[in-house]
Amino acid sequence: MLLAALPCAALADLRDAVNWARMQGCAAPVRVALRDSPKLRRAALQMANGVSLHAALASAGYLAAQSSAVHLSGALSDVQAGRILAANYCATLTDPNLAEMGAERRGRDVWILLAGGVSVPSTGDAARIRRQILDLVNQARAGGRRCGRKTYPAAAPLTLNSMLSRAALAHSQEMATYLQFEHRGHDGSSPAIRVERAGYGGYLVVGENIAAGAMTPVEVTQGWLESPAHCENIMDSRFSEIGIAFAVNLASSELVYWTQVFAAPR
């Protein structure tokens, strides 16, 4: 462990001490400082009042992909806290997934909370996300693929269809609203019925993939490709068009609900 001389004058507060340990005091330091988070400060205050880490984060409204807490006890100055952290908590401090912090000092005790927030896709970025998923799907179709026990040859690329994307969005929003993860709609609708409602018109065949909990286009597409039934839809040469959409519900444990709708017009 590297315990370089701690620059006391530079430690204006506890956050500086934590970042000194993260960026200079550890054997494998990182260059990016932890950002101050008002929500994590509120969560640290809750922990000082005896609330668990999970409950404190929930109370503060912080959606954490990863989190960790350190409780130091004793008559600690900022300098002492920095040295203790560098000597005992470097694995936590230098975790690149932990990007923000909040702290609470209460008498002889200090609570330090580090976390990395969940980054959900933005609805304002929906067009780019649709295009990225389309590209990933067409890359898979171009090379052929084994889906479970079935082998599929290369297939022609799919094209985006706005009406199919409208049908996909309707189902994603419904799943997010009702916390209902299934192909059957809340009103009993099927994928084919939702395609008709979206104005697609006559079709030869319709298929649908759904997913929940994935945070990125790469993650959701990889999950579909690793699932034989979903992979079969992606590789099915009968389909020529696709619609893609997602919906977010931050109050849901899954957070993001995804839908792909496949079809071929008559």
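Reply: This is a predicted model. In it, the side chains of Glu232 and Lys150 meet in a salt bridge, at 3.7 Å from N to O.

Me: Which elements hold Glu232 and Lys150, and how many residues apart are they?
Reply: Glu232 belongs to helix H10, residues 228-235. Lys150 belongs to strand E6, residues 150-152. The pair therefore links distant parts of the chain, and the separation is 82 residues.

Me: Is Glu232 buried, partly exposed or exposed?
Reply: Buried means under 20% relative accessible area, and exposed means over 50%. Glu232 has 21% relative accessibility, so Glu232 counts as partly exposed.

Me: And Lys150, is it buried, partly exposed or exposed?
Reply: The relative accessible area of Lys150 is 45%. Exposed would need over 50% and buried under 20%. Lys150 is therefore partly exposed.

Me: How far apart are the closest N and O atoms of Arg194 and Glu208?
Reply: Side chains of opposite charge can pair when their charged atoms come close. Arg194 forms a salt bridge with Glu208. The closest N and O atoms of Arg194 and Glu208 are 3.0 Å apart.

Me: Where in the chain do Arg194 and Glu208 lie, and how many residues separate them?
Reply: Arg194 is in helix H8, residues 191-197. Glu208 is in strand E8, residues 203-212. The pair links distant parts of the chain, with a separation of 14 residues.

Me: Are Arg194 and Glu208 buried or exposed?
Reply: Arg194 has 7% relative accessibility, and Glu208 has a relative accessible area of 7%. The cut-off for buried is under 20%. Arg194 therefore counts as buried, and Glu208 is likewise buried.

Me: How many salt bridges does a search of the whole structure find?
Reply: The search of the whole structure gives 10 salt bridges.

Me: Which element gives the largest share of the largest nonpolar core?
Reply: This core has 28 residues, and those with the most contacts inside it include Ile133, Leu158 and Trp258. Elements giving two or more residues include helix H6 (126-143), helix H9 (217-226) and strand E10 (256-265). The largest share is six residues, and its source is H6.

Me: How many residues are in the other core?
Reply: Another core lies apart from the largest one. Its members include Ala17, Trp20, Ala81 and Met101. The number of residues in this other core is 20.

Me: What is the handedness of the crossing of H6 and H9?
Reply: H6 and H9 pack at an angle of about 35°, with their axes 9 Å apart. The crossing of H6 and H9 is right-handed.

Me: How do the residues in the contact of H6 with H9 divide by type?
Reply: H6 brings residues including Ile129, Gln132 and Ile133 to the contact, and H9 brings residues including Pro217, Val220 and Thr221. The contact of H6 with H9 divides into nine nonpolar, two polar and no charged.

Me: Which residues does Val18 touch, not counting residues up to four places away in sequence?
Reply: Val18 is in helix H1. Val18 has a relative accessible area of 0%, so Val18 is buried. Leaving out residues up to four places away in sequence, Val18 touches Leu34, Leu85, Leu93, Met101 and Ile112.

Me: What is the phi of Leu255?
Reply: Most residues other than glycine have a negative phi. Leu255 lies in the loop between E9 and E10, and at 10% relative accessibility Leu255 counts as buried. Leu255 has a positive phi, near 70°.

Note on methods:
Residues numbered from 1 in each chain as written. Predicted model: local features only at pLDDT ≥ 70, side-chain atom pairs only at ≥ 80, totals over all residues. Heavy atoms only, no water. Salt bridge = Lys/Arg side-chain N within 4 Å of Asp/Glu carboxyl O. Helix = DSSP H or I, 4+ residues; strand = E, 2+ residues; numbered from the N terminus. Buried < 20%, exposed > 50% of the residue type's maximum accessible area, 1.4 Å probe, protein only. Core = buried A, V, L, I, M, F, W, Y, C linked by side-chain atoms within 4.5 Å. Axes fitted to C-alpha atoms, helices over the stretch in contact; angles between N-to-C directions. Left-handed = near helix turned anticlockwise from the far one by under 90°. Contact = heavy atoms within 4.5 Å. Nonpolar A, V, L, I, M, F, W, Y, C, P; charged D, E, K, R; others polar.
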